[in-house]
Amino acid sequence: MRSQTRRFVDDEVVPHADAWERSGSVPREVLRRMGSIGFFGLRVPEEYGGVGMGPLASCVFAEELGRSTFGGFTATVIVHTDLAMPYLRIFGSDDQKRRWLPGLISGEIISAIAVTEPDAGSDVAAIRTAARRDGDGFVIEGSKLYITNGVHGDLVFVAARTDPEVKSSRGISIFAVPRDTDGLTVSRALDKLGWRSSDTAELSFQDCWVPEDHLIGERDGGFYHVMHNFQNERLVLGAAAIGEAAKAIELTLEYVRGRRAFGEPLWSKQAVRQRLAMRLAEVDAGRQLLYHAAWLQEQGEDAVREVSEVKAYVGELVNRVLYDCVQFHGGMGYMAESPIERMFRDARIHSIGGGATEVMLEEIAKRM
Ligand SMILES: Cc1cc2nc3c(=O)[nH]c(=O)nc-3n(C[C@H](O)[C@H](O)[C@H](O)COP(=O)(O)OP(=O)(O)OC[C@H]3O[C@@H](n4cnc5c(N)ncnc54)[C@H](O)[C@@H]3O)c2cc1C
């Protein structure tokens with residue numbers, strides 16, 4: 001699976017992805033092609049048309065996508081396969097799975113997950129988007145911010161408050177909302193520092209009615225579904241970051257071996273090669289922590305501490321690595337024509353999105 005993903009990335013992503021960075025999204029033909037190869041069904045049980053693999057497979061997949069050097073492409077794909085789709089795969093009813101999974105696996109339907117709001121990011125329990133009972137369905141009102149695949153995606157899993165009486169974490173539910181549902185609009189396509197080939201939206205829900213059978217999982221149990229899925233999300237984001245960091249070191253090694261200064265290759269400078277050696281050691285350590293946490297998850301063990309360690313450690317590490325890689329590329333590292341420049345910008349989100357470093361450290365500290 002690793003070599004198949006790497007071949008796809010080398011042949012069908014890297015030669016074209018500069019254009020996607022400029023257009024701001026990954027073409028649907030590319031996503032359909034990934035679906036046809038089977039990449040989107042890695043975690044889906046065989047009875048629903050997938051191959052039924054576990055968290056380690058998701059990590060290897062994300063790591064290889066990360067090596068593409070195009071974080072926006074990686075985000076587009078893993079948000080679909082590992083951040084959004086699990087809501088249906090894990091908590092959906094048999095009917096819901098049969099309705100949506102085939103399209104999600106083939107790439108005909110691209111999914112998004114909408115939890116974050118203008119006034120609630122790290123603090124998920126503070127969301128205010130509401131879903132009020134209306135006949136045999138629910139009316140959703142509110143707005144969601146920074147939603148990956150929110151502009152071009154087709155099915156959005158939305159966290160909304162179904163019980164206004166109870167405070168914080170209780171009273172939240174998840175709804176599957178097709179993008180063409182009346183009342184769901186993209187209020188803004190957001191411009192951003194990195195991940196430029198990934199589309200990011202602000203979504204508005206006004207009088208947005210969905211039938212009862214679009215409720216995913218337990219009514220009022222949505223907060224716990226989000227917390228459950230965060231574990232896979234954080235692992236997979238960590239895996240992408242490991243792929244990016246490892247590839248950045250390889251690119252920098254190639255550069256410093258060829259680039260001469262003061263009569264010799266930069267690689268001859270002990271300060272340069274020792275710094276890169278230390279970063280490589282850290283990336284190798286981070287990868288083993290990642291695989292260990294994924295393996296624990298695969299065994300069904302509680303791995304919240306280890307997963308939080310992965311997200312905290314690797315989210316910071318990839319930024320340290322890219323800082324040094326830009327440094328050793330000199331002026332070239334600052335030029336848009338160099339992949340390192342893009343990777344440096346793309347890396348910044350890893351210590352913020354899907355659980356900021358400080359939030360992860362609190363999760364670890366609670367378990368110390
Ligand atoms: C490009 C991009 C794509 C995204 N995609 C999605 C998506 O598809 N779906 C979705 O729902 N969300 C998405 N997000 C949202 C993302 O998960 C949030 O930005 C993230 O959870 C942080 O929330 P916030 O931005 O509201 O920051 P805040 O919660 O306001 O926090 C700001 C900063 O304060 C610090 N901080 C926060 N809490 C603590 C604490 N307890 N202790 C100490 N310091 C703390 C951290 O440094 C944090 O970065 C995306 C964001 C970006 C930028």
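Colleague: How many nonpolar, polar and charged residues are in the lining of the second largest pocket?

Modeller: The lining has five nonpolar, seven polar and three charged residues. Ala, Val, Leu, Ile, Met, Phe, Trp, Tyr, Cys and Pro count as nonpolar, Asp, Glu, Lys and Arg as charged, and the others, Gly among them, as polar. This is a predicted model, where local features need pLDDT of at least 70 and side-chain atom pairs pLDDT 80 or more, while totals for chains, interfaces and linings use all residues. Residues are numbered from 1 along each chain as its sequence is written, and side-chain values use heavy atoms, without hydrogens and water.

Colleague: What makes a residue part of the lining of a pocket?

Modeller: On a 1 Å grid over the protein atoms alone, a pocket is an open set of points where a 1.4 Å probe fits, with protein on both sides within 12 Å along at least five of seven lines; a lining residue has an atom within 4 Å of a point. The second largest pocket has 15 such residues, with Arg 43, Pro 55, Ile 90, His 228 and Gln 297 nearest its centre.

Colleague: Which helix gives the most to that lining?

Modeller: Helix 7, with four residues. A helix is a DSSP run of H or I, at least four residues, numbered from the N terminus.

Colleague: What is the volume of the second largest pocket?

Modeller: About 300 Å³, where a volume is the space filled by probe spheres set on the points, joined across faces, edges and corners. The largest pocket holds about 1,200 Å³.

Notes. Helix = DSSP H or I, 4+ residues; strand = E, 2+ residues; numbered from the N terminus.
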